[in-house]
2 protein chains.
Amino acid sequence: MEAKEILRKHIAQTASLTDEQFDYFFSHFKPQSYKKGETLIRPGRAVECEYFVISGCLKAFFVNDEIKTYILQFAMPTWWTSDYGAMYNHTNATITVDCITNAEVLCLASHDREKLCSELHQLEHFFRWRTNRGYVASQKRLLSFMNNDTKARYEELLSLYPQLYNLVPKHLIAAYLGVSRETLSRLYNNHR
Amino acid sequence: MEAKEILRKHIAQTASLTDEQFDYFFSHFKPQSYKKGETLIRPGRAVECEYFVISGCLKAFFVNDEIKTYILQFAMPTWWTSDYGAMYNHTNATITVDCITNAEVLCLASHDREKLCSELHQLEHFFRWRTNRGYVASQKRLLSFMNNDTKARYEELLSLYPQLYNLVPKHLIAAYLGVSRETLSRLYNNHR
């Protein structure tokens, strides 16, 4: 499926746009290709846009002072990713977004997103609902960290990203769950 | 200040409504008064609305199987609270919202919120931005839990709710931070 078609189907789940409106919306996206390991967002730099994933897999992560990595999000096809704190507040990035595999994305500039939301009520509706869902998922994940419920987190991960376990190196999955490789193996074996 | 005036000022920070539009918006809210200890949202029940706090302090929390309490949010004046996962997905509540002090709130039914967002583009804009900010705060808190950075979480708490330390029992603050009472005292003493 073409990038345009993938985005169209994705939007149609939440908002009704005419063909003309969708063409206008789509004209603001820039298609970009990245190689495995390339970086889209880098700590300390401004964040001008967000990315809609067409193919491949990205990760958004934070590295602390002891060089330990924490994965905030995997971004698979039809997922969106950015450093939203930095993008919304016009501050520099605190996280990194890079490519686990070769990837194709559509890039939407932050100022275009705001312009489009103010021009087309249906797009404001779409982006409101997208963030609503992101907020709820984030609260759920927060609760599982507070509650130290690794099993819930593992099951949530499998339901969010069913194909992930075979696609992504195990140390990255462990870094998403906040567990050791050994705990991950145990979760995986108990779950089969 | 009257409830209506408080809400008006709050909305005006993000969205421009005419007096007529604001009156229409406000006509959908129901003022409610609660006593300290009373419960607004109870696990297992449907969640029909969200609450805008006029006075007092509420807490949204989760109790796990071992009866340990995790506080997701304190809600002070001009904050909104609900079980958003349950409200958006029309499922039963998994968290509790109750009153730390006597409180006055404005209650907005979920179906009215959706209706208002579709009728008034400016309100869709307001609610999109409110959720954007909530999402970013939630991701930041998530990261501080993943990273086990209690100091960052404590400082974030003080900046979000400067007056909280004197208002709320210390065991609730510890339950928000996910630390023991002893760790909380240490953070407090080191910070002064």
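This is a predicted model: local features need pLDDT of at least 70, side-chain atom pairs count only at pLDDT 80 or more; totals for chains, interfaces and linings use all residues.
1. B:Phe127 is buried, its relative accessible area being 0%; here "buried" denotes under 20% relative accessible area, "exposed" over 50% and "partly exposed" the range in between, with a 1.4 Å probe and protein chains only. B:Trp80 also counts as buried, at 6% relative accessibility. The two residues form an edge-to-face aromatic pair, 5.8 Å from centre to centre and with 70° between the planes. Rings of Phe, Tyr and Trp (its six-membered ring) pair if their centres lie within 6.5 Å; planes under 30 degrees apart are termed stacked, over 60 edge-to-face, and the rest tilted. Because B:Trp80 lies in strand β6 (residues 80–81) of chain B and B:Phe127 in helix α5 (residues 121–146) of chain B, the pair ties together parts that are 47 residues apart in sequence. Helices (H or I, at least four residues) and strands (E, at least two) are DSSP runs, numbered from the N terminus.

2. Residues are numbered from 1 along each chain as its sequence is written, chains are lettered from A and ligands numbered from 1 in the order in which they are written, and side-chain values use heavy atoms, without hydrogens and water.

3. Over all chains, the structure holds 34 aromatic pairs. In one of them, the rings of A:Phe22 and A:Phe25 have centres 6.2 Å apart and planes at 70°, and the pair is therefore edge-to-face. Both residues belong to helix α2 (residues 19–26) of chain A, where they are three residues apart, about one turn of the helix. A:Phe22 is buried at 2% relative accessibility, and A:Phe25 is buried at 0%. One aromatic cluster includes A:Phe22, A:Phe25, A:Phe52 and A:Trp80.

4. Which residues does A:Thr14 touch, not counting residues up to four places away in sequence? They are A:His125, A:Phe126, A:Trp129 and A:Arg133, contact meaning heavy atoms within 4.5 Å. A:Thr14 itself lies in the loop between α1 (3–12) and α2 of chain A and is buried, with a relative accessible area of 18%.

5. B:Ser144 lies in helix α5 of chain B and is buried, with a relative accessible area of 9%. A polar atom of its side chain lies 2.9 Å from the backbone oxygen of B:Arg141. Apart from neighbours within four places in sequence, B:Ser144 is in contact with B:Asp149 and B:Arg153.

6. The contact between the chains takes 34 residues from chain A and 34 residues from chain B. Together the chains bury about 3,500 Å², 68% of it on carbon and sulfur atoms; buried area is the accessible area (1.4 Å probe) that two parts lose on being put together, summed over both. A:His121, A:Arg128 and A:Met146 supply 20% of the area that chain A buries against chain B, more than any other three residues.

7. Four salt bridges are counted between chain A and chain B, each a side-chain nitrogen of Lys or Arg within 4 Å of a carboxyl oxygen of Asp or Glu. B:Glu114 forms a salt bridge with A:Arg128, in which the closest N and O atoms are 2.9 Å apart. The largest share of the side of chain A that touches chain B, 18 residues, comes from α5(A).

Conventions: A polar contact is a pair of N or O atoms within 3.5 Å; within protein, one must be able to donate a hydrogen and the other to accept it, and residues adjacent in sequence count only if both atoms are side-chain atoms.
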